[in-house]
Amino acid sequence: MSAPSVAGTAPRSLPAGADLPPGQHEWEATFALDEQGRPLAPRQQNLVFAQLVGRPSEPAARSLEAALHALEQRLPYGPDGLLSTVGWGTAWWDRHSAHPGSLNPPARMSRWEDPVIDTPDVVFHLASDHPDVLDQARDTLFGTGPHGQGEHLRVTEIRRGFVGAGLPAQALPGLGIPERAPLLFGFHSIHRGNQATERSITIAAGPLAGGTTAHVSRIELDIARWQALGRDEQAALLYAPTVSAERAEAFTDDAPSDFREYARTVREHGIVGHAQAAARARVGNVPVINRRDFATVEGGRPGTHFVSLQRELRDFNNTRAIMNAADGTDHHAAVGARRRNGINAFFDVTRRATLGIPPRALRAYPHRGTS
Amino acid sequence: MTATLPLAARGPSAAEPLDPAALIVLAEILAAPSLPVASTDDRTDRRSTAVREAIDHLKSRRLLAPPERTTTRGARDPAGWAARLLAQVRGVDDEFGELLAPHLAIAADLAAQPPGAARNAVVGGLCRGEIHSRATGPVRLRWTDGRPTGPAEPLGRADVHFAVSGHPGWYDVVHVPDPGSGIVLLVPPHRGHRPAWRPDDVPFRDGPAGARPIVAGRRWVVELTAVTFHHTEILPAGCT
């Protein structure tokens with residue numbers, strides 16, 4: 001699934017063996033930028049869900065840390081090489097850590113959704129521009145070589161996907177997804193200013209100090225019906241009814257959608273714009289979540305693996321609740337919970353999980369309990 | 001997104017219970033439903049997906065709530081309200097109108113009834129957006145202690161078997177008449193011990209109710225066991 005590079009600048013990866021940032025989630029300094037200065041996430045990404053085999057132990061922790069360290073010694077740190085996080089789920093924190101209750105489990109987050117609630121022990125997020133690097137990393141961690149974790153961890157699921165110009169159109173040809181679009185909805189949605197900064201999502205104190213939290217969802221998207229809309233209709237639903245497709249395509253720093261004018265816009269147009277509604281969750285117009293989502297066509301069901309990082313899980317919950325725009329119905333008779341309400345009619349969340357991502361120094365079996 | 005909406009929606013009037021914009025949206029939903037929720041198993045039947053979303057839309061917007069008791073509208077005319085609303089919905093989709101006809105008849109009937117505990121409870125539910133229907137076909141009803149619950153013993157338990165037009169999951173409450181006593185039992189179809197639903201032309205199978213294919217327009221059979229009822233969930237004979 002290769003695609004021509006559109007980078008304005010190449011990835012700024014750190015060389016193999018370099019000193020790495022203390023936060024596992026600190027990826028963005030390595031990203032390439034496109035011609036308009038927008039950050040470019042690694043094009044190929046995996047989420048590897050695993051569960052413990054037996055009880056966690058000191059040798060298991062040493063073995064995992066050694067495996068991750070070996071990868072870092074071998075591969076550059078960045079999209080040219082490998083970026084990773086190791087996040088620990090509610091099963092880990094509640095059953096095996098010295099800090100049970102540190103992490104809230106996920107929950108149903110809209111009136112229409114009915115997701116499976118995943119409670120994994122651990123999820124590895126692996127990202128690279130190169131699919132063979134992901135293969136290497138998975139083989140190192142879960143293969144039969146000297147660093148294989150099979151004695152301690154059993155892989156339960158691998159979710160695979162992509163993000164980047166050209167990849168969605170290649171994955172779903174014939175649907176009219178714009179050739180340069182990085183995601184299945186056909187627009188750039190990651191800009192410099194619409195992401196929480198890595199610094200702002202870093203936890204200051206407690207068991208996850210120096211780390212962050214993650215919410216991982218599997219979302220199915222009705223791409224065929226979405227792509228049947230006109231580009232301006234898409235822009236209206238994805239951003240705001242006052243935003244044309246041409247304007248949306250030129251967004252670089254942010255997707256300014258006049259969220260303060262949300263109620264008036266809905267009243268006048270009978271349409272809720274997704275970004276306009278969601279931007280109401282910002283604090284002082286600063287976003288509170290950092291998106292690491294990527295597209296997928298696994299199982300013949302196009303969608304998104306939505307990975308959101310935030311200092312507190314409630315930052316995600318608040319953003320999602322506000323994004324739902326349940327109040328849109330108050331402003332216009334044409335707006336429903338899903339209908340004419342952002343992208344609500346075009347997606348369904350089928351799985352949810354929450355993770356605590358410790359700092360790099362604690363990434364292997366963090367705060368393992370003694371019992 | 002196929003229709004052009006008026007810039008500002010007009011409120012409902014006595015002549016038009018449903019806002020014109022609401023009707024446009026209803027037509028949109030029935031023509032092109034949203035992505036179905038994975039766990040509903042609606043993927044097998046697009047019409048079912050559309051009906052579920054249309055009902056949810058009407059419910060969330062409380063568009064089928066009975067008319068208020070106000071003097072500003074002049075004389076109360078619940079039956080006229082129901083007829084006009086039904087005509088509006090049928091104008092969009094005749095089959096969908098048929099599905100809602102029992103709900104509108106119930107709402108109109110009860111709105112015209114004098115106040116009473118059971119009647120008020122039902123009207124309250126309707127005003128909160130509940131969608132009701134009526135059982136069709138033969139009903140089997142067995143009270144565990146041999147008689148219906150009443151004010152003296154407000155909680156009772158019964159096994160109930162009935163059929164309803166359309167998927168039972170679309171409705172909050174089904175009105176089930178007891179052929180013996182004339183009372184009407186207000187039955188949430190999801191209540192009781194392991195509620196079982198099946199299309200009436202498909203035999204019962206083991207497994208969860210949601211695992212069966214949903215096909216719009218079918219009659220469904222509902223079997224509920226050990227359902228607990230409060231006495232306000234029974235409408236006395238002659239109430240509807």
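Student: Before we start, how are residues and chains labelled?
Tutor: Residues are numbered from 1 along each chain as its sequence is written, and chains are lettered from A in the order in which they are written. In this predicted model, local features need pLDDT of at least 70, side-chain atom pairs count only at pLDDT 80 or more, and totals for chains use all residues.

Student: How many helices and strands does chain A have?
Tutor: Chain A has 11 helices and 13 strands; helices (H or I, at least four residues) and strands (E, at least two) are DSSP runs, numbered from the N terminus.

Student: And how much of chain A is buried?
Tutor: Of its 371 residues, 59% are buried, where buried means under 20% relative accessible area with a 1.4 Å probe, protein chains only.

Student: What box do the C-alpha atoms of chain A fill?
Tutor: Along the principal axes, the box is roughly 65 × 45 × 35 Å.

Student: Now chain B. In what order do the strands of the open sheet lie?
Tutor: The seven strands follow the order 5-6-2-1-3-4-7, with mixed pairing; two strands pair if DSSP finds at least two bridges between them.

Student: Which strands are at the edges?
Tutor: Strand 5 (193–199) and strand 7 (234–235) of chain B are the edge strands, and each pairs on one side only.

Student: How do strand 1 and strand 3 of chain B run, parallel or antiparallel?
Tutor: Strand 1 (residues 132–143) and strand 3 (residues 173–177) of chain B run parallel and are joined by three bridges.

Student: Which residue stands opposite B:Ser133?
Tutor: B:Val174, in strand 3 of chain B, stands opposite B:Ser133.

Methods. Heavy atoms only, no water. Buried < 20%, exposed > 50% of the residue type's maximum accessible area, 1.4 Å probe, protein only.
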